[in-house]
Amino acid sequence: MQSRTPAGRTGRPRSAAADAAILAATRQALVELGWSKLTLGDVATRAGVAKTTLYRRWAGKNELVVDAVAELFDELELPDRGSLADDIEGVVLQFAAILDRPEARSGLMAAVAESTRDDALRERIRTSIVDRQKRLVLEGRVRAQCRGELPPEPDPEEAARTVDLIFDMVAGAVVHRTLMSGKPADEEWVRDFTRVLLLGLTSPPPAEPPGAATSQPAEPARATASRPAESGGGWA
C-alpha cells in the first residue's frame, strides 16, 4: 500500500497495519452504511484505532474514502501475455473483477457522485486514482513498442494526449459496462472491446475457421483481438 500522508504533517511514523485496517474498515462501512451515514468515528471503531489516529492521517471523509477506493485499484497489474491485445484483455478483466466487488462499486460511485459538487474531491480522485492507474497504459505502450507492435512516438506532448485518450476509453467503457449497464465484462465482451479498441469499428469480425460450417444455423462469430495493432493505435 502506498503512503498517503498529507503534505506538511509530522509526528510519529505511521503504522502500515493501522492504515490497512482503517482503509478496510472504510470500505466495509461504505457497503453497509453508504456515503451519507459513514462517519470517521464509526470507521475508527471498526478499525480498532483511536479517532485521533485516524485524524492524524486524513483530514476528512472525502480523503479517506478516495484513498480506500484507490487502494483497490493499486492491485491492478499489466500481465505480460505475449501480445498487446492479450495484455489489454488481461488488465481489463482485472479491472472488471475489481469493479464487481461491492466495496469498489459502493466507494467509487459514492465518491464520483459527491465530486460533482466538490472540486477538491474531484481533484483527489484524479490524482489518487486516475493519474496513478495511467501507469498501466504507459507500461503497455513501452512493452508493445519493444515488441515492435507499435511505432515509437517521439513527441512527448502527443504521447501524453494519446495516453489520456486510451485510459479514458478503457476506463470509461468498463465502468459504463459494469456499473451503469449492470452487465458483465466477461471474456467475450473484453475480446470484442479490445478488437474495436485496437482495430476500429470498421474492422471485420474474425473469419470462421475452415471446416467449421455445418448444417446447423451459423452462430455469430465471436470476436477476437489476439492480433497486434498494425496501425499504431491502441496503447501508443
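**Helix packing and buried positions in a predicted model**

The structure described here is a predicted model. Helix H2 itself spans residues 40-47, and its buried residues are Leu40, Val43, Ala44 and Ala47. These four lie on the same side of H2, because the arc they cover around the axis is only 100 degrees. In an α-helix there are 3.6 residues a turn, so residues three or four places apart point the same way. The partners against which the buried residues of H2 pack are H1, H3 and helix H4 (61-73).

Helix H1, made up of residues 16-33, also packs with helix H6, residues 102-115. Two packed helices are described by the angle between their axes and the distance between the axes. For H1 and H6 the angle is about 80 degrees, and the axes are 9 Å apart. H1 is therefore roughly perpendicular to H6, given that angles of 65 to 115 degrees fall in that class. On the H1 side, the contact is formed by Arg27, Leu30 and Val31, while H6 contributes Pro102, Glu103, Ser106 and Gly107.

Glycine 140 is part of helix H7, which covers residues 119-147. Its relative accessibility is 6%, so glycine 140 counts as buried. Between glycine 140 and isoleucine 88 the C-alpha to C-alpha distance is 7.9 Å, although the two are 52 residues apart in sequence. Threonine 178 belongs to helix H8, residues 156-180. With a relative accessibility of 16%, threonine 178 also counts as buried, because the cut-off for a buried residue is under 20%. Leaving aside residues up to four places away in sequence, threonine 178 touches Ala96, Leu99, Lys183 and Ala185.

Confidence was considered for the chain and for its parts. The chain has a mean pLDDT of 85, with 81% of its residues at 70 or more. Helix H5 (residues 84-99) has the highest confidence, at a mean of 96, and helix H3 (residues 51-57) the lowest, at 91. The pLDDT is below 50 over residues 5-11, a stretch with eight contacts in the model beyond near neighbours in sequence. It is also below 50 over residues 214-234, where the model has 39 contacts beyond near neighbours in sequence. Where pLDDT is low, the predicted coordinates should not be read in detail.

Note on methods
Residues numbered from 1 in each chain as written. Predicted model: local features only at pLDDT ≥ 70, side-chain atom pairs only at ≥ 80, totals over all residues. Heavy atoms only, no water. Axes fitted to C-alpha atoms, helices over the stretch in contact; angles between N-to-C directions. Helix = DSSP H or I, 4+ residues; strand = E, 2+ residues; numbered from the N terminus. Parallel < 35°, antiparallel > 145°, perpendicular 65-115°, else oblique. Contact = heavy atoms within 4.5 Å. pLDDT = per-residue confidence, 0-100. Buried < 20%, exposed > 50% of the residue type's maximum accessible area, 1.4 Å probe, protein only. Arc of directions from axis to C-beta.
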